[in-house]
Amino acid sequence: NEKADIYIINTCTVTNIADRKSRQMLHKAKKLNKDAIVVAVGCYVQAAGEELNEDEAIDIIIGNNNKSDIVSILDAYYETEDNNMFIEDLSGKAQYDEMKMTTVGEHTRAFVKIQDGCNQFCTYCIIPYARGRIRSRSLEDLAEEISKLAECGYKEIVLTGIHLSSYGKDISSDIKNDEEKITLIDAIKEVAKIDGIKRIRLGSLEPTLFYDFFTEKISTLTKICPHFHLSLQSGCDETL
């Protein structure tokens, strides 16, 4: 509600209501200061970039794999105002967009995203088109961020992702030996090794992840909290 020089709106597109609210917020920003730079980022941008590019209320549009470049994009825009559209094609293989943080809103718990995208392509869902194919964060980058969070006093880590159970599939796609492939278990182990971290939780998971190998491995990790949030879209075969 305050007047600013730059407004960055992180948009959503899960439903048509989310699309409408995103547009309303973008237009509201421009009304607050007609001379401000309004930046649209996120899922609605990724799904409807060309449409938003025609909207005069929006100055810069940035897709889901270019958020870490916002500062440099703004610097370039102030100089030339030539290039205002930054949307990467995420329908094929893409790199994880690395973004780090050292503080979060809570005092002892930090949510850390380690995976993006989804390859499921469920009939009713736009997520694979808006978030792209699966992309996993490297174990080295994950360990670096969580080590810094631990130094800042955070003791509980919640690992999150768009399709968390698929973590590692993209970076292990060329490995033929199943035992050598990187999985969600490896990410949990990496976090568990860090001094200062006392508890590890996981974001939403699919019931199909809980096969014998996974449950046997995860039961040996003492820092894992014994609670899992399982996503169930429907119990009806006809609906599915």
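Visitor: Leaving aside its neighbours within four places in sequence, which residues is isoleucine 114 in contact with?

Guide: Contact means heavy atoms within 4.5 Å. With the neighbours within four places in sequence left aside, isoleucine 114 touches Tyr96, Arg135, Ser136, Arg137, Leu142, Leu159, Thr160, Leu164, Tyr167, Leu184 and Ala187. Before we go on, this is a predicted model, in which local features need pLDDT of at least 70 and side-chain atom pairs count only at pLDDT 80 or more, while totals for chains, interfaces and linings use all residues. Residues are numbered from 1 along each chain as its sequence is written, and side-chain values use heavy atoms, with hydrogens and water left out.

Visitor: What makes a group of residues a nonpolar core?

Guide: The set has to be buried Ala, Val, Leu, Ile, Met, Phe, Trp, Tyr and Cys residues joined through side-chain atoms within 4.5 Å. Buried means under 20% relative accessible area, exposed means over 50%, and partly exposed is in between (1.4 Å probe, protein chains only). The largest such core here has 29 residues, and Ile114, Ile146, Ile157, Leu159, Leu184, Ile188 and Leu202 touch the most other members.

Visitor: Which elements each supply at least two residues of this core?

Guide: They are β5 (109-116), α5 (139-151), β7 (156-161), α6 (184-192), β8 (199-202) and α7 (212-218). Those labels are DSSP runs numbered from the N terminus: helices are H or I of at least four residues, strands are E of at least two. Helix α5 gives the most, with 6 residues. Apart from this core lies another one of 13 residues, among them Tyr7, Leu26, Tyr44 and Leu52.

Visitor: How do you describe two packed helices?

Guide: By the angle between their axes and the distance between the axes. Axes are lines fitted to C-alpha atoms, for helices over the stretch in contact, and angles run from 0 to 180 degrees between N-to-C directions. For α5 and α6 the angle is about 35° and the axes are 9 Å apart. Leu139, Leu142, Ala143 and Ile146 of α5 meet Asp186, Ala187, Glu190 and Val191 of α6.

Visitor: What makes arginine 137 and glutamate 98 a salt bridge?

Guide: The rule asks for a side-chain nitrogen of Lys or Arg within 4 Å of a carboxyl oxygen of Asp or Glu. Here the closest N and O atoms are 3.4 Å apart, so the pair qualifies. Arginine 137 lies in the loop between β6 and α5 and glutamate 98 in the loop between β4 and β5, so the pair ties together parts that are 39 residues apart in sequence. By this rule the count comes to 13 salt bridges. Glu98, Arg137, Asp141 and Glu145 are linked in a network of them.

Visitor: Why is arginine 137 called buried, and what is glutamate 98 called?

Guide: Arginine 137 has a relative accessible area of 1%, so it is buried. Glutamate 98 has 31%, so it counts as partly exposed.

Visitor: Are aspartate 116 and arginine 131 buried or exposed?

Guide: Both are buried, and their side chains meet in a salt bridge at 3.2 Å, N to O. Aspartate 116 also bridges to arginine 135, with the closest N and O atoms 3.2 Å apart.

Visitor: Why is glutamine 233 called exposed?

Guide: Its relative accessibility is 59%, so glutamine 233 counts as exposed. Its place is in the segment after α7.
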